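I opened the notebook to look up a few local features of this chain.

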Amino acid sequence: QGFKQPPPEIASLADAKPVPAVSIQPRTNSKVLHMEYSTMLSLEDMSAPVLRLAGIRFNPFTLLKHGPHSPELYYTALALQDVKSGEKHAIPLPENARINHISWSPDGSRVAFTVRTAEIGADAVPKIHILDASTGSVTKLEQPVNAVLGAPFTWLPCSSKLIVRRPIGTHADAPSGDAVPSSPSMQEAAGGGQKAAVRPYPNLLTSAEDAAAFRHYATVQLVEVSVADGGERLIGPPCLNYHATASPDGSTLLTHSLRPDHLSYAVPWSRFGRQVELLPLAPDGAAATLQVAPVVEAMPIGHDACRAGPRQYAWRPDQPAMITYVEALDGGDPKVKPAEGKRDKLMLLSAPYTCPHELCRTATRYQHARWTAGGTAVVWERWYKVRTTIISKVAPGGTMEQLMTYDFSDGYNHPG
């Protein structure tokens with residue numbers, strides 16, 4: 001009998017279009033991008049193939065990661081509206097367009113996004129499109145993208161180029177795996193190991209075939225692409241990259257990648273061995289390896305636990321090319337009483353990226369910081385066990401001044 005349809009009155013409620021999401025043009029605030037979407041996925045969306053590897057689920061045709069319960073929703077139409085005149089124009093896109101990863105350029109002159117028209121086959125491969133905010137015209141870049149581990153592209157500060165994560169492996173050339181395994185699946189405890197509690201994670205790697213498939217689908221080539229003419233330049237060798245950001249001056253690329261020989265059957269990909277590197281984008285750009293870390297299978301249990309060693313490498317936005325990172329003083333274990341009552345330290349690293357400088361220490365677990373043009377930082381830290389957030393001002397010399405402390409679980413008395 002096929003799928004039965006409800007009465008029109010019920011169907012109209014389910015099919016009612018939600019209010020479009022909006023995004024305001026940065027810098028000038030003169031344009032508003034309207035993004036229409038459906039709250040209901042189609043049977044085609046729900047029937048698409050799914051691979052479950054390394055703690056994640058993704059479609060091997062689209063190379064898009066799924067959400068916690070189902071495929072991610074997508075936008076179906078775009079419109080650009082002028083704030084002053086109120087005029088609104090629909091953006092021309094292919095029929096059955098599935099739109100994701102919408103991102104304004106830093107100067108607000110363009111919008112980049114990916115479009116696909118199917119969930120299986122050649123049309124399922126997302127391609128980058130560029131919207132000119134001044135004219136409303138759209139240019140298609142013949143750049144397939146990979147979003148298995150992270151965002152498929154990022155803007156460079158000049159607003160005229162993108163760093164694209166181009167797929168190396170596709171469904172068409174995926175390893176098939178042997179129907180009969182060549183050997184049993186074995187896991188070995190290294191000598192001198194320690195007892196540790198490990199959470200049960202879903203969709204982990206279970207065999208050498210799984211590991212080979214994960215490497216195949218997650219490996220990308222970083223490419224610098226000009227949005228004006230599509231010209232491109234390869235950045236580094238293919239790798240298991242999951243994050244890449246350019247320095248504020250556009251000279252250097254900070255990359256986070258997994259180590260292909262340091263995977264695990266016990267934890268998801270976020271705990272695999274990783275490597276943090278700097279790659280040059282300009283003649284004066286730097287090349288350096290900041291961190292080479294092993295798999296973390298044994299980590300203290302608790303919301304306030306973290307990796308031992310350096311973490312959270314990022315660019316300092318008020319400097320041309322300065323790195324910030326954090327390091328736990330308690331080994332990442334919330335049960336350890338730290339020396340001098342401090343849990344984390346915030347570090348600064350300038351070219352040639354060999355001599356880090358300590359800026360300040362936090363009493364609880366560091367979360368993030370915001371920087372002013374004068375070099376002052378506002379630092380957020382928190383301790384989940386007592387539901388406390390602390391916000392402090394840090395002077396360029398490292399002097400800390402606590403601004404406020406509050407219970408982040410108390411919505412009624414939240415400072416706002």
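I began with Glu142, which counts as exposed because its relative accessibility is 55%, and the cut-off for exposed is over 50%. The model is a predicted one, and I read every entry below with that in mind.

**Entry: Glu142 and its partner**

I looked up what Glu142 pairs with. Lys127 forms a salt bridge with Glu142, and the closest N and O atoms are 3.2 Å apart. I then placed both ends. Lys127 is in strand 10 (residues 127-132) and Glu142 is in strand 11 (residues 138-144). The two are 15 residues apart, and the pair links distant parts of the chain.

**Entry: Lys161 and Glu224**

Next I checked Lys161. Its side chain meets that of Glu224 in a salt bridge, at 3.7 Å from N to O. Lys161 lies in strand 13 (residues 161-167) and Glu224 in strand 14 (residues 220-226), so this pair ties together parts 63 residues apart in sequence.

Is Glu224 buried or exposed? I found Glu224 buried, at 9% relative accessibility. Lys161 counts as partly exposed, at 30%.

I also followed shared partners.

**Entry: Lys17 and Glu36**

How many salt bridges are there? I noted a count of 18. Lys17 sits in the loop between helix 1 (8-15) and strand 1, while Glu36 is in strand 2, so the pair ties together parts 19 residues apart in sequence. Lys17 is exposed, with a relative accessible area of 69%. Glu36 is partly exposed, at 29%.

I then looked at the join between strand 3 and strand 4 (residues 56-59). These two run antiparallel and are joined by 3 bridges. Leu51 stands opposite Phe58 in strand 4.

**Entry: positive phi**

I stayed with strand 3 and strand 4, and checked the loop between them. Ala54 is found there. Ala54 has a positive phi of about 55°, although it is not a glycine. Ala54 is buried, with a relative accessible area of 0%.

Asn29 has a positive phi of about 55° as well, and it is not a glycine. I found Asn29 in the loop between strand 1 (21-24) and strand 2 (31-37). Asn29 counts as partly exposed, at 47% relative accessibility. That value falls in the partly exposed class because the cut-off for exposed is over 50%.

**Entry: a cis peptide**

Where is the cis peptide bond I noted? It joins Ala351 and Pro352, and omega is about 10°. I placed Pro352 in the loop between strand 21 (344-349) and strand 22 (357-362).

Key:
Residues numbered from 1 in each chain as written. Predicted model: local features only at pLDDT ≥ 70, side-chain atom pairs only at ≥ 80, totals over all residues. Heavy atoms only, no water. Pairing = 2+ DSSP bridges. Helix = DSSP H or I, 4+ residues; strand = E, 2+ residues; numbered from the N terminus. Buried < 20%, exposed > 50% of the residue type's maximum accessible area, 1.4 Å probe, protein only. Salt bridge = Lys/Arg side-chain N within 4 Å of Asp/Glu carboxyl O.
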